[in-house]
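Here are some short notes for a first look at this model. Please read them with the structure open.

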Amino acid sequence: MSIEKVKTYFRAFGMESRIIEFPTSSATVELAAEALHCEPCRIAKTLSFMLDGRPILIVAAGDAKVDNQKYKAHFGAKARMLSHDEVETLIGHAVGGVCPFAVNDGVTVYLDVSLKRFDTVFPACGSGNSAIELTVPELERCSAYSDWIDVCKLPTD
């Protein structure tokens, strides 16, 4: 089970006990915000794409949307999200629990600058009813991210 993989992963950081499991679904930004009693923008959603034949993850604020022009300008290719069926196989987590922790080998993780507005954010932890509160530096350390990127737009843009 994916959440067990993430718990083992966080054990290496001494942070396994910080994982929150909910009795209800937190599989969408709205459901996660409701379960956590926080603003949806503080949910760190993890989006799955295929780029040059390899899967990538982009972690962005819950209120951010990928801007196709920014994505193409940054990566030199059109954004292609993974299909529902591809996500678990290629990333290692099912839709609703996708996170930047304990992912399959060969998956590159990017953090979008939309997250930098917050002291802490809440990414999922491998299941559709889990999360962890992390500071941005903790997210950097735990996600083994490749780079900060700017490929999203906010509702105010």
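1. Start with burial. Of the chain's 157 residues, 52% count as buried. Keep in mind that this is a predicted model.

2. Next, the overall dimensions. For 157 residues, a compact globule would have a radius of gyration near 15 Å. The chain has 14 Å, which agrees. Along its principal axes, the C-alpha trace spans about 40 × 35 × 25 Å.

3. Secondary structure comes next. The chain has five helices and ten strands.

4. Now the surface. The chain exposes about 7700 Å². Carbon and sulfur atoms supply 51% of that area.

5. On charges, the chain has 16 positive and 21 negative ones. Their mean positions are 3 Å apart.

6. Where is the place of Gly14 in the chain? Gly14 is in the loop between helix 1 (2-11) and strand 1 (20-21).

7. Is Gly14 buried or exposed? Its relative accessibility is 64%. The cut-off for exposed is over 50%, so Gly14 counts as exposed.

8. Finally, a distance to check. Gly14 and Ala32 are 18 residues apart along the chain. Their C-alpha atoms are separated by 24 Å.

Technical notes:
Residues are numbered from 1 along each chain as its sequence is written. This is a predicted model: local features need pLDDT of at least 70, side-chain atom pairs count only at pLDDT 80 or more; totals for chains, interfaces and linings use all residues. Side-chain values use heavy atoms; hydrogens and water are left out. Helices (H or I, at least four residues) and strands (E, at least two) are DSSP runs, numbered from the N terminus. The radius of gyration is taken over C-alpha atoms; the globule rule is 2.2 Å times the number of residues to the power 0.38. Buried means under 20% relative accessible area, exposed over 50%, partly exposed in between (1.4 Å probe, protein chains only). Accessible areas come from the Shrake-Rupley method with a 1.4 Å probe; for residues, only the protein chains shown count as cover. Lys and Arg count as positive and Asp and Glu as negative; His and the chain ends are not counted. The place of a charge is taken as NZ of Lys, CZ of Arg, CG of Asp or CD of Glu.
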